[in-house]
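Work through the exercises below with the model open. Try each task before reading its solution.

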Amino acid sequence: MIVLILETTCDETAAAVVSDQLEVKGAVVASQHDLHQRFGGIVPEIASRAHVERILPVIDETLRRAGITLADLGAVAVATQPGLAGSLLVGLTAAKTLCVALDIPLVAVNHLQAHVYACRLADGPGVFPCVALIVSGGHTSLYHCAGPLDFTLLGSTIDDAAGEAFDKVASLLGLPYPGGPAIQKAAAGGNAKAARFPRAFLGQDERLDFSFSGLKTSVRYHVERLRAKRPDGQLSAQEIADVAASFQAAVVDVLVDKSLAAMRQTAAETLCVGGGVAANAALREALAAAAEKAKFRLSIAPLRLCTDNAVMGAIAIERIRAGLYEELDLDVTPGLVRT
Ligand code: KG4
Ligand code: ZN
């Protein structure tokens, strides 16, 4: 069976065509970064309007790349949770319309499970059971995953997501959106010990939650102090690099510390890491070192599958194998459902 997968949870309009043997036949990601850049973050209303404009051309181009037509599809899958309500609705409406028109079944994808499935696609079914760290613009959570569709929440951020902190700190430093790649680049020339920023809950092993709002505020005060020292109020390139590196180190420290605590508590043998922030080179390096030291298997999503894409929605094939199809009155679930 050939399945079309749609992904419109946030600010990427993406589609993929995947076979029931998990072979990716074609995929497209249309990013909206240019539209949100001047706001330093995602504007939900702009995101949903852009999805409406892009979804049909993205589907057409994906089918073209896969060398198939609509008539070849056996099912349509779509990410229905969690995400921005308006954005999710565009994908779900497109998916339902295709299902009605083609008389084929609808499959729901949980976007967070899909981020972990990116690791499964790269490293095979043996990654389960695992602990999963999902670290993105909207989420920072640890799960125990007994299987691809069987997740138990271990802990999550009590305020901002890590990616959101990257985006906000980048905006404070005058760096472009999305902030993650910009901070990573700036940090390359910086001293990670130049400023000592807070690391919430570090070493409190029993607590698997995260908090990044205190870190963000601390960076803001630090930047204001640096600005006040300069006649033009502008930070030097070196100061920007130092703040970026020190901030990034603080985020990496807590993400690694909490992942290690979750591994110890669950006695899991594999740690899967997915989501946009999993693309961060410093995080990937620190996790690899931690995994080697603590002797567990590490599966980090390949770079192309870290930020939002529809290929990771191939978790739909697991639902199809389990006979999990949806009715056409299915609704979106924007918020995080605590399982
Ligand atoms: O998974 P994703 O595309 O969307 C959500 O589901 O939220 O993640 C986007 C987030 C943004 O906050 C972006 O700044 C961050 O991932 N990001 C990074 C890097 N690349 C993307 N953060 C740190 N380092 C990176 N290299
Ligand atoms: Zn995501």
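The model is predicted.

**Exercise 1.** Find how many residues surround ligand 1, and which are the closest.

*Solution.* Start with the count: 21 residues surround ligand 1. Then pick out the closest: Gly137, Asp167, Gly180, Gln184 and Asp308. Now sort the shell by class. It has 6 nonpolar, 13 polar and 2 charged residues.

**Exercise 2.** Locate polar backbone atoms that approach oxygen atoms of ligand 1.

*Solution.* Take glycine 138: a backbone N or O atom lies 3.0 Å from a ligand 1 oxygen. Go on to glycine 276, where a polar backbone atom is 3.0 Å from an oxygen atom of the ligand. Finish at aspartate 308. Its polar backbone atom is 2.9 Å from a ligand oxygen. Next, check the cover. Ligand 1 taken alone exposes 560 Å², and the protein buries 92% of that.

**Exercise 3.** State where ligand 1 sits, and which elements give two or more residues to its shell.

*Solution.* First, the site: ligand 1 sits in the largest pocket. Second, the elements: α4 (111-123), α5 (162-172) and α6 (179-187) each give two or more residues to the shell. Helix α6 provides the largest, with 4 residues.

**Exercise 4.** Decide whether leucine 92 is buried or exposed.

*Solution.* Read its relative accessible area, 2%. Buried means under 20%. Leucine 92 is therefore buried. Last, compare positions. Leucine 92 and leucine 106 are 14 residues apart in sequence, with their C-alpha atoms 9.5 Å apart in space.

Technical notes:
Residues numbered from 1 in each chain as written. Chains lettered and ligands numbered in written order. Predicted model: local features only at pLDDT ≥ 70, side-chain atom pairs only at ≥ 80, totals over all residues. Heavy atoms only, no water. Near = heavy atom within 4 Å. Polar contact = N/O pair within 3.5 Å; in protein donor to acceptor, adjacent residues only side chain to side chain. Areas by Shrake-Rupley, 256 points an atom, 1.4 Å probe, with all protein chains shown as cover. 1 Å grid on protein atoms, 1.4 Å probe; cavity = no way out; pocket = protein on both sides within 12 Å on 5 of 7 lines; lining within 4 Å. Sits in = over half its atoms within 2 Å of the grid points. Nonpolar A, V, L, I, M, F, W, Y, C, P; charged D, E, K, R; others polar. Buried < 20%, exposed > 50% of the residue type's maximum accessible area, 1.4 Å probe, protein only.
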